Structures are given as C-alpha cells and as structure tokens.
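Please read them with the structure open beside you.

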Amino acid sequence: MKKEELLNSDFFKQFNSGQELNDFLSQIQKRGLEQLIEGELDAHLGYEKHQTSEGSNYRNGHSTKKVKTSLGQIEISIPRDRDSSFNPMLIPKRKSIVDGIENVIISLYAKGMSNSDIEEQIREVYNFDVSTSTISRITDRVSNDIIAWQNRPLESVYLIIWMDGIVFKVRENSKVINKTIYIAVGLRMDGLKEVLGLWLGKNESAAFWMSVLTDIKARGVEDILITATDNLNGFTDTIKTIFPNSTTQICVVHQIRNASKYVVWKDKKEFAKDMKEIYNAPTKEGAKAALSDFSAKWSSKYAYAVKSWENNWENLTAFFEFPLEIRKIIYTTNLIENLNGKIRKYTKNKLSYPTDDAVLKSTYLAVREATKKWSMPIRDWGIIFNQFLIIFENRLKW
C-alpha cells in the first residue's frame, strides 16, 4: 500500500487528530512493553502466569512506572516477584528511559553533539523532554565501560600493531592546553582489526609510548610481529625494549610529510615525484639506487630532507622484506589515520574539553561509532595469513 493510500485508509480516518493517533499507538506500545516484561518474569521464575510455582519464589503483584519512549511518556505495569530478584532487561530498575532512547543519546553524543543539542533533538524527534543533567548521567555511565574496555585481556599475538596520536585541547588548571590521545590498533590472526586502547598524555613522546607498550604487554600480549608507527625520535628503540623481536616500520607517508616540510612550493611536485621512485621501487636494492639519485639531485638544496631518509633507512624500508600483499597493509599508517579522521569528524564540534575524563569519554564513543563496521577480515585475508604463517612459522601457533 502506498503512503497516500495508507494515510487515506479507513484506519486513519477514525482519528480526529494526530494526538489521538499518537495516544492510540502509545497504548499499543504500552501493552507490548508489559507483555514483554511479563515474558521476562516467566523466564525468571520458570513458569508461566496462572501455572503453579514449583519453587519458593513466585509472582507478587505489580507496581507502576513512568517511562519515556519514542512516542512520549507512558505509565506501565511492572510485575514483581516475592524475593525481589526480578530486574527486567527491557527497563531495568532505576531506569526511566527505554534503552533505545539511551542508545540514541549516546550515539548523538558520540557524533559530537552537545548536551543541549541532544536535548533539543530528542524533543523534536520523540516529543518529550530529557534534561541536560539526565543526558550527562547517561553518557557518564560510559566511564565504567571505558575502564572495563581499557583493562580487558588482549590476544597473545598480533600480526601488526599500528600506533599513532591525536591532539585535543583540554582544560587544566584554568588553562587550555594540548594533550594527546594515544591509539593502538592491532591486526589479529583472524584478520579482524581491533582498537587495543586509548591513553591520554600531554605530549607524544617515546617515553609515554613505553608506558603504552608496557600496558599492552601486561594485558597479555606476548608478541607483535610488525609495528607501524610515525617517525617519532626514539620510538623504534622503545618498541625494541618491550617487544625485541618486532619488525618496526616507519610510516612512509609521515616520512614524506616530514621531508617535504621545508621544500619551497615550486619544487614540491618534482621533489614528491622523486621520493615516489624510492618507495615504489620493486626491491630494497632498487629503492637504495633511487635514494642515491634523490640525494645527488637534492642534497645541496634540501640536505635535511635527504638525511631524514638516510638516517631512518632500515626502518623506512622494512616492508621490502615481505610479499606485496603484506607490504600494502604495513606500508603506511593509513588505517589508523583513517580512524583518526573519523574521530576528528565526530569531535570537531568540541573546541576544547573541560577534563581529561571528558576527552577520553568523547574519544571512546567516537571510536565505538567509527569501528562498528569492523566485522570482516581485511581483503584477501586467506592469502595474507598464509604468507604470515610461512614467514613467522616459529612465532605463530595456529
């Protein structure tokens, strides 16, 4: 039935106003919720209504409760049991909002909306009021989720871990300062990506990354086959201290940015083209030859840029040790940079955060939104994993 036919049907003609229709639908929703909760109590007690209880616990009347739903506020009847052990999952004790609305509130907050914006959105869409203080209480409960998530056990082995930092402005001692959220993303043996954690520090540094890696190890990680990082001074040595057998790859995209930082505009295109000859070479020997040509051409003008390639050569070219399929996924930190881009998209409306907890909460929710689709292995996983098994046969237990 088309929309126009539906609106002109006899069913809708019986209502004189939109409010009457809303009241009718609210009654249907009320009966549906009550029946669902009665079903929950049946499962809790182990027998249906009007049957005889075989245990010591049994039905003990009803209480009423006002709850907020997508159709407005309604009053429903909640069944009770004698020993008060029944706590309906649909509308738990001490909750006055059906979980669907809570999820909407958390999702809107994750996408960067302020509490007052969420309040207005809920009023417009669901036709009832939720105070900003209620919204704060709902989102604050995420803090317990963060603690549990941040301390959860991890896999014993990760094939690759990408690491990077993202800077936010946070208020501290009446001043707004820059702080960094450190992010680590791991590739598991089933081909799925997993955000391992979020860590907050004042500045991105090798010393802080050591505490991050130590935390990862304490949560059960015994080995990391490959790490992909930016070109932070001392980062490679830090990784080797905690995971000595890990192959460390410096992100080539970071290297290109750093090397191009002081190149004048008229040279940028040609300079970038010559760098491309280095990292697009088919072999490490070919890359070394391209670097030699690059050095001969640009050393006199951009000595710093050339030296940055030479000084980090081994860690910039680690990807040449692997087949093409593996090279593609360790070549850059694009995966984690794409994640950072989505986090920035969700948090761009917040110019600064009042506390450390606030920025962690916002980033955690943004990560949760951004990774909802991380449910499938990376492309060509069967081929890639078999290559890992051959190369790292002594370190992978499968």
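1. A definition comes first: two rings of Phe, Tyr or Trp, the last taken by its six-membered ring, count as a pair if their centres lie within 6.5 Å. By this rule the count comes to 14 aromatic pairs, and it should be kept in mind throughout that the model is a predicted one.

2. One of these pairs joins Tyr262 and Tyr304, whose rings are edge-to-face, with 6.2 Å from centre to centre and 75 degrees between the planes. Because Tyr262 lies in the loop between helix H10 (252-260) and helix H11 (265-279), while Tyr304 belongs to helix H13 (residues 303-311), the pair ties together parts that are 42 residues apart in sequence. Both Tyr262 and Tyr304 are exposed.

3. Ring pairs also link Tyr182, Phe208, Trp209 and Phe235 into a cluster. A contact of another kind involves Lys217, which lies over the face of Phe243 at 5.8 Å from the ring centre.

4. Turning to the sheet, five strands make up an open arrangement with mixed pairing, in the order E5-E4-E3-E6-E7. Its edges are formed by strand E5 (193-201) and strand E7 (247-250), each of which pairs on one side only. From one strand to the next, the twist averages 25 degrees.

5. Which residues of helix H9 (residues 235-242) are buried? They are Phe235, Thr236, Thr238, Ile239 and Ile242, and because they cover an arc of only 160 degrees around the axis, they fall on the same side of H9. As background, an α-helix has 3.6 residues a turn, so residues three or four places apart point the same way. The face of H9 turned away from that buried side carries Asp237 and Thr241, which are exposed.

6. As for what covers the buried residues of H9, the elements include E3, H8, strand E6 (223-229), E7 and helix H14 (313-316).

Notes
Residues numbered from 1 in each chain as written. Predicted model: local features only at pLDDT ≥ 70, side-chain atom pairs only at ≥ 80, totals over all residues. Heavy atoms only, no water. Pairing = 2+ DSSP bridges. Helix = DSSP H or I, 4+ residues; strand = E, 2+ residues; numbered from the N terminus. Axes fitted to C-alpha atoms, helices over the stretch in contact; angles between N-to-C directions. Buried < 20%, exposed > 50% of the residue type's maximum accessible area, 1.4 Å probe, protein only. Arc of directions from axis to C-beta. Contact = heavy atoms within 4.5 Å. Phe/Tyr/Trp six-rings, centres within 6.5 Å; stacked < 30°, edge-to-face > 60°. Lys NZ or Arg CZ within 6 Å of the ring centre and 35° of its normal.
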